[in-house]
Amino acid sequence: MGNTNPFSKLLKNAALLLYALFALFPLFWMILISFKHDREMFNTVFLFHPTLENYKVLFSSNEYIGYFLNNVYVSVGAVLVSIVVGVPAAYALARFDFKGKENLAFTFLSFRFAPELLVILPLFLIYQKIGLYDTYFGLIWVYQLISLPFIIWILRGYFEDISPEVEHAGRVDGYSWWRVFLKIIMPLIKPGLVAAALLSFIFVWNNFTFALLLAGQGVITTTVASLKYISSDTVHYGQMAAAVTISALPEVILALLIQKHLVRGLSMGAVKG
Amino acid sequence: MADIALKQVTKKYKQHTALNGVSIDIKDKEFFVIFGPAGAGKTTLLNVIAGIAVPEEGVVTMNGKVVNSIEPEDRNVAMVFENYALYPHMSVFDNIASPLRSPRYRQPESKIKEEVHRVAKILRIDWLLQRLPSELSNGQRQRVSLGRALVRSPEVFLMDEPLTHLDAKLRHQMRAEFKEMQANLNTTTIYVTHDYLEALSLGDRIAVLNEGRIEQIGTPDDIYYRPATEFVAEAFGEPEINLLTAGIVRKGGEWYLNLLGDSDHFTVPRQVKSVIEELQLETVRVGFRPKDIKYSFTDDSASMLRAAVYSFEPLGSKAILTAHAGGQLIRLIAPADLEARPDRPIYLKFNVDEAIFFDERTRRFIARAGEKGGRFVG
C-alpha cells in the first residue's frame, strides 16, 4: 500500500466517486421524487417545480406519525430484547464449555440464512392461535430471528478476545463477578455492542415480510405503510417517496452518529489477537 | 499474613487431571516457590488458592479456616498473572489503583494516589502512569501487573511467573529486587516458576510439581543435594545431571559400582552401603552432577573411564562437553577454550562422594555420601 503517486491517487478517487454515485443514486432519486407533484412525476427528470405538498399530505393526519412510532417501538423493543438476551448468550458461548455449544451457536446463525417466507406460514397460524397476531410483542418476538444472531455472533468474538485472566484479576482485586462484568467487560465490548445493535436495528427497521404478514391493522410499520400509497386507480409516488425518505432518516442519523464505532466495532472482534 | 494449607487437593478439567492429591503447608511469611515444567499444574495450584478454580476434592485453608467456598474477592489475596491480565481500557495509574477502589478494599482517593506513586516508584514505572497498557513493552506491563499486587497488603501474594517475559538482564535485576522486597514485605508469597535458578535463589522452600503431583517439598539445598526423585534431580541443574544405571558388585568386604563396564574402581560409600543393604538392592541409579565429573585427555590413573568426545558447546565463560561412553552420553563442564574435537579420546573421573543414589525400580532417592544439604534422610 502507501502509493503516493498523484495519478493513481486520482484514479482511486475517481473510482470511489463513481461507486458513490452508483450507490447513492437511488437514494437521491427517491428524495427528488418526494419533492415532485404527481403531475410532474413522469414528464420531468431533474427540472421541476419543487413542492412540499407530499410531506404536507403525509403529516396532514396523524396516521403516518403513528406508523413511524409503531416502527420505533417494535424496532427499539426488538433490539433491546436482543441485547438483554444476546449479551449473556454470547458470553456463555465464549466462556463456558458445554455440550452442543457449537451446534447451538450455529443454530442461532442459521436464523439468518433461512428465508423469512419459509417460517412465515406456520408462524402466522401459531400467532393467530395464541393471540400474538397484530401485536407489538408478536413483532418484537419474531424480530429476534433477525437481530439476535447478529448480536450473539459479533459479541461472541469480543468476549473471546478478552482473556479470562482479566476477569480473574478483577475478582482478585476485590470486585464481585457482576461488578467485573459491568466495570471491565462491558467497556471492552462496547464498540462491538454498538455496532451490532445498530446493524440489527437497521435490519429490523427495514423488515417488510414479517411486518406485513404477522401484523394487521393494529401495528402497521412504515415499511408496510408505504404500500398504502398504491391505490386501485393510481400510485402516489410522491407521497410514497416522502414516506420512505422520512423512514430512512433515523438509520442515516444513527449511522452517522456512531460511524466511528461501526467500522472499528465490526472489524475488531473478528481479528484474534 | 497467613498460613496456607492444601490437603489432598484434586482439580480436574474434564478428563484432564490438573492437580492430583496435592498437599502443601505454607508457613506465614514464607517465600514458597512452586516449580515445575509446563503443564505441571502450577497455575492451577495458584488459581485454587486464589479461589478462581474450585477443587473437586480436598480442602484449602487459610489461617486454619477452610476457604473452599469463599469467593476470590473475599479471600484477600493479590495475584500477578502470567499474561499480566491488565485492564486494557484503563491507564497504568487506574490499573494499579483498581484494587484500592474496589468495594472490598476501598481507600480514600488521596491515599490511593500516594500508594500508587509509591509502588510505581519502586517498580520504576512512575513515568508511565498516564499510558494505556497497549503502549507499554512487555517488561513494563509485567511491572504494572506487579504493581497492582504490591499496592495492597494482602494475606498472601500469588505470583505466576512474574519474571518470565523480562529480558535476561532485567530478570536478574528483578530477582535480586524480589529477594529484597520479600524481606521488607513480610508477607507470605507463593511464587510459580519454571526457571530452576529463580526457584533456588528466591525460595525459602520449593515444591516441585510434575503432572499434577508433588514430587518433593524442601529447602533449595534439599532439592539440589537430595532430590527425592530422578525427575527432581534432572529438573535442577544445567547441564542436566548424569544418571547411570550401576550394578552392585561385591568383592570381599568391599562393594563396587559397575559403572559403564568398570566394576573395579567405584567403591560404594559407607553411608550409602548400609541403605542399599537394608533395601536389598542389586542395581541402583547413580546421579553425577556435571561439575562432579573431572576429565583428562591422558589416562592418568586407573580409576578413569575411557570415553570419546561427542560434542562440545562453548557458552562463553564455560562449555558443555558431552562424552560418549558405553552407549551413554555424559555431560560435564569444561573451560570454553578447550580443544575438543569430536571423537577425541577422553578420560573421565567420577566423584562418587558427591553422587546421588536412586532406587532403580522406583526412581526415588536412596542416599548420598556427602553431607551437604543438612540432615541425612534415608
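1. The model is predicted. Local features are considered at pLDDT of at least 70, and side-chain atom pairs at pLDDT 80 or more. Totals for chains and interfaces use all residues.

2. **Chain B overall.** Chain B has 378 residues, and 54% of them are buried. Nine helices and 21 strands make up its list of elements. The C-alpha trace spans about 80 × 45 × 40 Å along the principal axes. Take the contacts in chain B with a separation of 6 or more: 66% of them join residues 24 or more positions apart.

3. **Domain layout.** Chain B splits into domain 1, residues 4–235, and domain 2, residues 245–368. Their C-alpha centres lie 39 Å apart. Domain 1 of chain B brings 10 residues to the contact, and domain 2 of chain B brings nine.

4. **Area between the domains.** The two domains of chain B bury about 980 Å² between them. Carbon and sulfur atoms give 48% of that area. On the domain 1 side, B:Y224, B:Y225 and B:E230 stand out: they supply 53% of the area that domain 1 buries against domain 2, more than any other three residues.

5. B:R285 forms a salt bridge with B:E230, with the closest N and O atoms 2.9 Å apart. B:E230 also belongs to the trio that supplies 53% of the buried area on the domain 1 side.

6. **Which elements carry the domain 1 side.** In chain B, α7 (220–225) and α8 (230–235) are the elements that give two or more residues to the side of domain 1 that touches domain 2. The largest share, three residues, comes from α7(B). By class, this side of domain 1 has six nonpolar residues, one polar and three charged.

7. **The interface of chain A and chain B.** Here 19 residues of chain A are in contact with 26 residues of chain B. The buried area is about 1,800 Å², and carbon and sulfur atoms give 62% of it. In chain A, the residues that lose the most area to chain B are A:R171, A:V172 and A:D173, together 35% of what that side buries.

8. Four salt bridges are found across the interface of chain A and chain B. In one of them, the side chains of A:R171 and B:E71 meet, at 2.4 Å from N to O.

9. **Chain A side.** Helices α7 (164–172) and α8 (177–205) of chain A each supply at least two residues of the side that touches chain B. The largest share, seven residues, comes from α7(A). The side of chain A that touches chain B has eight nonpolar, five polar and six charged residues.

10. **B:E73: buried or exposed?** B:E73 sits in the loop between β5 (65–66) and β6 (77–80) of chain B. B:E73 counts as buried because its relative accessible area is 9%, under the 20% cut-off. Beyond residues up to four places away in sequence, B:E73 touches A:R171, A:G174, A:Y175, A:S176 and A:W177 in chain A, and B:R104 and B:Y105 in chain B. A:R171 also pairs with B:E71 in a salt bridge.

Note on methods: Residues numbered from 1 in each chain as written. Chains lettered and ligands numbered in written order. Heavy atoms only, no water. Domains from an automatic or database assignment. Contact = heavy atoms within 4.5 Å. Buried area = accessible area lost by both parts, 1.4 Å probe. Helix = DSSP H or I, 4+ residues; strand = E, 2+ residues; numbered from the N terminus. Nonpolar A, V, L, I, M, F, W, Y, C, P; charged D, E, K, R; others polar. Buried < 20%, exposed > 50% of the residue type's maximum accessible area, 1.4 Å probe, protein only.
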